[in-house]
Amino acid sequence: MKLFSAEQIYAADKFTIQKQKIGSDELMERAAVQIFNWLHTRMQGAQVKIHLFCGIGNNGGDGIALARHLQEHGYNIAVYVVNYSKTRSKDFLINLERLKDRKIWPEFLDSDCELPEIGKDDVIVDAIFGIGLNRNPEKWVVNLMKHLDVSQAFVLSVDIPSGLFMNKPPDNEDFVVKANHTLSFQAPKLVFFLPQTGRFTDTWEVLDIGLDTEYLATTKSEFELIGKNEVLPLYLPRKKFSHKGTYGHSLLIGGSLGKMGAVHLSAKACLYAGSGLVTAYVPQCGTLPLQTNIPEVMVATDTNETQISKIEHHFEPSAIGIGIGMGTHDKTIKAFSGFMENNKVPLVIDADGLNILSQNKELLKKLPAQTILTPHPKELERLIGKWKDDFEKLKKVKAFSKKWDCIIIIKGAHTIIVHERMGYINTTGNPGMATAGSGDVLTGIITGLIAQGYIPLHAAMFGVYLHGRAGDMAIEKTGYQSLTATRIIEAIGKAYIDLFAVPEQPQVQEEK
Ligand SMILES: NC(=O)C1=CN([C@@H]2O[C@H](COP(=O)(O)OP(=O)(O)OC[C@H]3O[C@@H](n4cnc5c(N)ncnc54)[C@H](OP(=O)(O)O)[C@@H]3O)[C@@H](O)[C@H]2O)[C@@H](O)CC1
Ligand SMILES: Nc1ncnc2c1ncn2[C@@H]1O[C@H](COP(=O)(O)OP(=O)(O)O)[C@@H](O)[C@H]1O
Ligand SMILES: [K+]
């Protein structure tokens, strides 16, 4: 699913209005009816007080139109116009007239008004600002936002929590309404997925307001969401007359005394993701535990007892994952540099591999084309330097990806896979995965996918989705707190099966 910029959404509006030969107020009406249906399905006429706070632009117009539908269905409403400007949008005014025709007179709020009383069991509809916000809200509007927050009432935001810009973080978190839920038109907004801005709405949903499908399909966006629909076409099926050689030989290089578990987890995840053969290359102290714990994995050893000191392998791997638990000992840095000089095999670099790369930037020139880097935020900072905010971070990562012809997986609550000008945002995973070793599992999965023949970008997208989905399936048994990296690995199989699960159909009662 594509994520559009504000400009693209305005253009889609314009295009739709022309093509469908409708007025812009018709689009606003569709938006309002959709929100009304959403609320009506849940509230079923309940006489809970609904406070609608409406700005004077089109977001406010949506709120005013919604108020009319709620009133027509007998809901208990109070309508306020947040009068932050004298320039009101045309469709706001049309809907204000329609409301007045029904004898509903909103209360106008401005800088010296008294703020309305709101009960904690009431509902707030936040239609103050939409995607047209272009400067910080004034102080009295910020006070109103605070007032909404302290009321503890349920806040439903229209399109986007008011006060959120589409392309930068707010200057102050008080400048944004804190939404419990957001109903966003046609497509989710990028800001829902970034750490700095995503926390302003607990949950979100998209409402289809019938913008032109051709326009949406042909317009290129810079970000896309990755869900089941996006990864299913990437899936490579297992063939009947195949053998383990068909599915590649993965090599995982890493480990050091005290951090052998990382390789263990990666190698196991790599097998569970479907790699035909897996070899782990570790210092000598890793041999016994690895051989004992995962008999399916072959082990090749360094000459050094506790650290990797020279990387040598005597077979042609299909894919290599390097860096997990490897440490940054001088000998290891030397071994890593030597390896990078000669390696041509598709590569996934994680953890200490990234740290060494950050300290030895000349090695970036040696990256095989389309190498996958999997940094968590700290590792990313070491690699690309500090950033001012999440938006600048994305810009810098895109430039880095283009410059070094690599794919960067920015790990987090919504992991983002960056490939040149595109960012693919993952929708699976949960906070239970903030646990030791879960990144090592991801490295193993992606290496195993490349070994099986997935091109690196597809391996990154499919792997990140599968990893998160496995985490989601595992917590059904473990809960968030008890989820461990091992349990994520054990759920990889279920996550594969789930790709093909048919959604449950609602039961229809047959007539007798
Ligand atoms: N296809 C869709 O998705 C559809 C979307 N629709 C809805 O339209 C919404 C976008 O509406 P919008 O363009 O009128 O902008 P909105 O956010 O209401 O702001 C209003 C105006 O306020 C101003 N302003 C800005 N910042 C300010 C500030 N800090 N303090 C004071 N004033 C400030 C600024 O005007 P300015 O003063 O700069 O001239 C701005 O234009 C969208 O979110 C959705 O709800 C549907 O109706 C139909 C289909
Ligand atoms: N709150 C969260 N929601 C979803 N996924 C998360 C969350 N926190 C962490 N993860 C995922 O868990 C993994 C953690 O990786 P990393 O920090 O490298 O762990 P480690 O170094 O212990 O292996 C990443 O894939 C990340 O996307
Ligand atoms: K809003």
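Colleague: Hi! At which residues does UniProt place the feature "binding site"?
Modeller: Hello! The unreviewed UniProt entry puts that feature at Asn-59, Asp-126 and Ser-162. Keep in mind as we talk that this is a predicted model.

Colleague: Let's take Asp-126. Where is it found, and is it buried or exposed?
Modeller: Asp-126 is part of strand 5, which covers residues 123–127. It counts as buried because 30 C-beta neighbours lie inside 10 Å, and 20 or more is what that label requires.

Colleague: And which residues does Asp-126 touch, not counting those up to four places away in sequence?
Modeller: Among them are Phe-53, Leu-156, Ser-157, Pro-161 and Ser-162. So Asp-126 and Ser-162, both on the UniProt list, are in contact.

Colleague: Where is Ser-162 found, then?
Modeller: Ser-162 is in the loop between strand 6 and strand 7. Ser-162 also counts as buried, with 29 C-beta neighbours inside 10 Å. Beyond its sequence neighbours within four places, Ser-162 is in contact with Asp-126, Ile-128, Phe-129, Ser-157 and Val-177.

Colleague: Switching to ligands. Which residues come nearest to ligand 1?
Modeller: Gly-57, Asn-58, Asn-59, Gly-130 and Gly-132 come nearest, out of 31 residues around ligand 1. One of these, Asn-59, is also in the UniProt "binding site" feature.

Colleague: Which helix gives the most to that shell?
Modeller: Helix 3 does, with five residues. Helix 1 (6–19), helix 2 (24–43) and helix 3 (58–72) each supply at least two.

Colleague: How does the shell around ligand 1 split by class?
Modeller: There are 13 nonpolar, 14 polar and four charged residues in it.

Colleague: Now ligand 2: how many residues are around it, and which come nearest?
Modeller: Ligand 2 has 16 residues around it, and His-376, Lys-411, Gly-429, Ala-434 and Gly-439 come nearest. By class, the shell around ligand 2 has six nonpolar, eight polar and two charged residues.

Colleague: Let me zoom out. What does the domain assignment of the protein give?
Modeller: It gives domain 1 at 2–218, and domain 2 made of 231–236 plus 246–499. The C-alpha centres of the two domains lie 42 Å apart. Eight residues of domain 1 are in contact with seven residues of domain 2. On the domain 1 side, the touching residues are four nonpolar, three polar and one charged.

Colleague: Where does UniProt place "domain: YjeF N-terminal"?
Modeller: The unreviewed entry places it at residues 9–217. Over that stretch the chain is 36% helix and 18% strand, with the end C-alpha atoms 13 Å apart.

Colleague: I noticed Leu-234. Where does Leu-234 lie?
Modeller: Leu-234 lies in the loop between helix 7 (228–231) and strand 10 (249–253). It is partly exposed, with 16 other C-beta atoms within 10 Å. Leaving aside neighbours within four places in sequence, Leu-234 is in contact with Tyr-454, His-458, Met-461 and Phe-462. Leu-234 and Ala-459 are 225 residues apart in sequence, but their C-alpha atoms are 8.6 Å apart in space.

Colleague: Is Gln-44 buried or exposed, and what about Asp-159?
Modeller: Gln-44 counts as exposed, with 7 C-beta neighbours inside 10 Å, and is found in the loop between helix 2 and strand 2. Asp-159 counts as buried, with 25 such neighbours, and is found in the loop between strand 6 (154–158) and strand 7 (179–185).

Colleague: Last one: what does the protein average in pLDDT?
Modeller: The average pLDDT is 96, and 99% of the residues score at least 70. For the complex, the predictor gives an ipTM of 0.94 and a pTM of 0.94.

Definitions and conventions
Residues are numbered from 1 along each chain as its sequence is written. Chains are lettered from A and ligands numbered from 1 in the order in which they are written. This is a predicted model: local features need pLDDT of at least 70, side-chain atom pairs count only at pLDDT 80 or more; totals for chains, interfaces and linings use all residues. pLDDT is the predictor's confidence in each residue, from 0 to 100. Domain bounds come from an automatic or database domain assignment. Two residues are in contact if their C-beta atoms, placed from the backbone, lie within 7 Å. Ala, Val, Leu, Ile, Met, Phe, Trp, Tyr, Cys and Pro count as nonpolar, Asp, Glu, Lys and Arg as charged, and the others, Gly among them, as polar. A residue is near a molecule or strand if its C-beta atom, placed from the backbone, lies within 6 Å of it. Helices (H or I, at least four residues) and strands (E, at least two) are DSSP runs, numbered from the N terminus. UniProt positions are given in the numbering used here, feature names are shortened, and annotations may be inferred rather than shown by experiment. A residue is buried if 20 or more other C-beta atoms lie within 10 Å of its own, exposed if 12 or fewer, and partly exposed in between; C-beta atoms are placed from the backbone.
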